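Biologist: I've got a structure to look at and a few questions about how its parts meet. Can you walk me through it?

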Amino acid sequence: MANSVSMSQSIAGRYAQAVFEIAKESGGVDALATQTDDLNAALHDSAELRDLIASPIYSRDQQARAIGALAERMALSPVLANTLQLMAKNRRLFVLPQLLDRLAALIATERGEVTADVTSAIALNDEQVERLKATLAEKTGKTVKLNTRVDETLIGG
């Protein structure tokens, strides 16, 4: 199991590095960041998309057509759209979540950003979020993005 996870991360890493380098050379890192976020949201929100990339019942051609339609609908850059097509052709779409994670990490490093995952018992208000971001930015010397979530089962004290 660990070997297959490592292999998936390796495959995703190579695709991500290539896409990132091309986007960086052409000055398209900001557009790539937006497209990465949008694609990640689509993957999160769509069980059908998750099924498409993971299920072996779909042929390469079916995956390629579906990914092509998705890329067109989402107005993905040619480099990202072509990479997804290549991944479909090579039966590598199953690494899409890892690809998106790696792209997000590369973009964050390029921008000098760090992401903090914050879990709280109640939702943080805007002032709390901003204070937390400012404190973390001061400690790390980087721009901080927060991923917040509420877990009502947490016990404060």
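**Helices and a pocket**

Modeller: Let's start with a contact: Leu 49, Leu 52 and Ile 53 in helix 3 touch Gln 63, Ala 66, Ile 67 and Leu 70 in helix 4. Contact means heavy atoms within 4.5 Å, and helices are DSSP runs (H or I, at least four residues), strands are E runs of at least two, both numbered from the N terminus. This is a predicted model, where local features need pLDDT of at least 70, side-chain atom pairs count only at pLDDT 80 or more, and totals for chains, interfaces and linings use all residues. Residues are numbered from 1 along each chain as its sequence is written, and side-chain values use heavy atoms, leaving out hydrogens and water.

Biologist: How are helix 3 and helix 4 set relative to each other?

Modeller: Their axes (lines fitted to C-alpha atoms over the stretch in contact, with angles from 0 to 180 degrees between N-to-C directions) come within 10 Å and cross at roughly 140°. Under 35 degrees counts as roughly parallel, over 145 as roughly antiparallel, 65 to 115 as roughly perpendicular and the rest as oblique. So helix 3 and helix 4 are oblique.

Biologist: Which element gives the most to the lining of the largest pocket?

Modeller: A pocket is an open set of points on a 1 Å grid over the protein atoms alone, where a 1.4 Å probe fits, with protein on both sides within 12 Å along at least five of seven lines; lining residues have an atom within 4 Å of a point. Helix 2, helix 6, strand 1 and strand 2 each give two or more residues to that lining. The top giver, with eight residues, is helix 6.
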